[in-house]
Amino acid sequence: MVNCCGLVTVKNKPVPLKSIAVEVSVQGHVATVSSTLQYENQEESPLEAIFVFPLPGEAAVCRFSAKIGQTEVVAEVQEKQKAREQYDDLLSSGQQAFLLEESDESPDVFKLSVGSLPPGEKASVSLDYVTELAVQADDGLRLCLPAVLNPRYQPQGSDRGSGGSALVSSVPAGSVPYSLSLSARVSSPHPVCRVESNCPLDQLNYLNTERTQATVSLAAGHQFDRDVELLLYYQDTHQPTAIVEAAQTSAKPGSLMGDPVVMLSLYPEFPNDVMSSMTSLGEFLFVVDRSGSMSFSMHNGSGVQDRIGSARDTLLLLLKSLPMGCYFNIIGFGSRYESFFPKSVEYSQKTMDEALLKVKAMRADLGGTEILQPLKHIYSQPCLPDQPRQLFLFTDGEVGNTKEVLDLVKANAGSHRCFSFGIGEGASSALIFGVAKQGGGHAQFITGQDRMQPKVMQSLRFALQPAVVNISVKWNVPKGVSVTPLSPPIRVLFQGQRALLYAQLTGKSSGDTEGSVTVAYSLAEQPVENQLSFSLKPAEDTGLTVHRLGVRTLIRSLEMEERQGYGKKKGVKEKVVELSVQSGVSSPSDLCVSFSALLKSAMSSRMVCGAAMNRSMLTKMSFDVQADQGQGQRFLQGSRPMYGKMRRRPRSEPRSTDLDCPATASNPVKDPLLQLISLQKASGFWVLEAALAEVLGKTEEEVAKPKPAPVDQELWATVLALVWLYGFKMEAQEQWQFLAMKAVSWIQAQKAASVSECVQAGNILLGCQVLKDTLGL
């Protein structure tokens, strides 16, 4: 059982890693990650080596090479069937051959055989991938290196546990047998404010006075006990930006790679008055992972709550925060799925109480992880009139049929939104990001010591707020220049969402060297318009990140149209193959990346490939990607999963890590905030009772005595709860803001004349100084 990824033997034993060098080139909201990994066979016999790479969900490999001794393997994209035929021909003639394909089930896993590694021989593996950077809740852009580029060190002989459940061993930095260097160059139309990381960084170095270009490096002292995460922050982050990337000099003008490509970034800002508004409509479906691994702790440490316990607390918060008049249901899934109600029920005191009883009894006891079937069940239920469907998906793992899940979500995107939450660092980024993207929602990851509740409530706020609609993009370019969109049109954007649009610029202008784009949309029934200019003559040698991601976007659109049968366009496959071969970007469905091995010489790989008759000079390599059908082997506790087992587990078979986990309930220390939340009634008020007094730190008599005479007990209890929240729990306001809004609405509906007197008396009782206006009263 392997708990690492990178270069391993066919017997799943790691080949010793000696060094890693990573270079990151960021352009606005996208990046190219270039890495080189050095390995050495320290055994006395040859090793058959396999390279396993867990690719980030939104990424695409665009270059791969491996060097063993004097033999170098260089990547070349070919059409899938052609590569398979060459692979079979070489095998049948007794020559060494390898095949690489992106997984049919999960788009974020690659597994590549790189051949025999002689005793004492070193192997160097290099790869580049391009990716869109995910937007975080605080407007930062997140880049997290896959585990293979930042392994967590564990000394040989230490107990790795089952499925990676053991803790990461802590060792002195000098004891780590490999080195890691990382440098990043950041370029943006807006100034770079700062770069943060969960690991030590050297000081940010600005390259120009405008501060639109900067470099930063990983400082000495990285402990190899966590994933390397970079967070980038720009000035004027909500202003649209347009980045034009120069054409590839060797490509033919008029082709996609031979023309400039422009990338438009849209990340609208939602004013406070829009943020504070809330709809009372919607069908809210909470789909919760109840597989055995949900009994793991949220993070390493003593007395830490387990994942299912945190999920229970989160569901309590969600159920208390829903508006009256909406509909809801809760579906737990593992190897099978269970619904709290046969179909969504209207939110009321009765249905809320019934659901809370079931939440309290919820355990991580449903075996493996099967998301597809509960989703099919949900989509088979008709949508409720005037109740927009909002889906919240919680999972800590990954599934073997990710593409099938994403296609299903995409096919139903017009009838719902999907918010996804990856719990722990083992959650598949392809699944979490993909579901949110296809479902028009928002993705969140709860890792390390993150608390689930704030992130979930933030997504609930997105679900309850108005959206950006009526989006139009108008390109204004000089005569002689044409714009060809590579991205499908955007229909809607919600708070916290960012959209990237790619377009090809063809032709030349005899005069003007600038173009512009006008972006118009409506937010809360108010029109918004932005116009920005861009140069039609971008600087040379800016890399091909934008081009390759534009190709990736266009390929995905073409493949989606093909799968869904829109018009049955002819030549789609041929177009996809042409685009992939031009750009070096692989396509999941119709292409593979094949590789040519050559002796170290001045010859290019293309020249050697052309000399296919000389079989002694050519070893055809291909990539066979296999995704584990279940959880997969974890690299180490808290890291990305290590995919690519030697056998495929049947889809219905539960994950070994889930089966090994006892379903135990956590017993965390009672949180006064959660206690107060649990006492609120569905319509928003609290009852004057001993449990409330306990939360307030008083006896029941002390709470009842100062109540103004003409005020009923429910009004007094509700005002006290609000004063306590604003007086003692402001740092957690994001978690309770919807409960407070419900409480204020209920108080206002009572039309009581003594509210000010209640607030004053409540402040005296609790020792606070909260103003009535602060409460929204």
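Which residue takes a positive phi just after helix 10? It is Gly584, with a phi of about 80 degrees, and I will come back to helix 10 in a moment.

Before that, a word on what we are looking at: this is a predicted model, in which local features need pLDDT of at least 70 and side-chain atom pairs count only at pLDDT 80 or more, while totals for chains, interfaces and linings use all residues. Residues are numbered from 1 along each chain as its sequence is written, and side-chain values use heavy atoms, with hydrogens and water left out.

Helices here are DSSP runs of H or I with at least four residues, strands are runs of E with at least two, and both are numbered from the N terminus. Helix 10 covers residues 572-583, and its 12 residues reach 17 Å from the first C-alpha to the last, close to the 16 Å expected at 1.5 Å a residue, where the expected span is 1.5 Å times one less than the number of residues. Its buried residues are Val572, Val576, Val577, Leu579, Ser580 and Ser583; buried means under 20% relative accessible area, exposed means over 50%, and partly exposed is in between, with a 1.4 Å probe and protein chains only. Seen down the axis of helix 10, these buried residues fall within an arc of 165 degrees, so they line one face of the helix, the arc being that of the directions from the helix axis to the C-beta atoms.

Now to the strands, where two count as paired if DSSP finds at least two bridges between them. Strand 28, residues 514-523, is mostly covered, with 9 of its 10 residues buried.

Strand 9 pairs with strand 10, residues 141-144, over 2 bridges, and Val135 has Leu141 of strand 10 as its bridge partner.

Let me turn to two loop residues. Most residues other than glycine have a negative phi. Asp236, however, has a positive phi near 50 degrees; Asp236 sits in the loop between strand 15 (229-234) and strand 16 (241-245), and at 42% relative accessibility it counts as partly exposed. Lys751 has a positive phi of about 50 degrees as well, lies in the loop between helix 17 (733-750) and helix 18 (755-766), and at 74% relative accessibility counts as exposed.

Finally, we come to Ser420, which is found in strand 23, residues 416-423, and which counts as buried at 0% relative accessibility. The C-alpha atoms of Ser420 and Gly434 are separated by 9.0 Å, the two residues being 14 residues apart along the chain.
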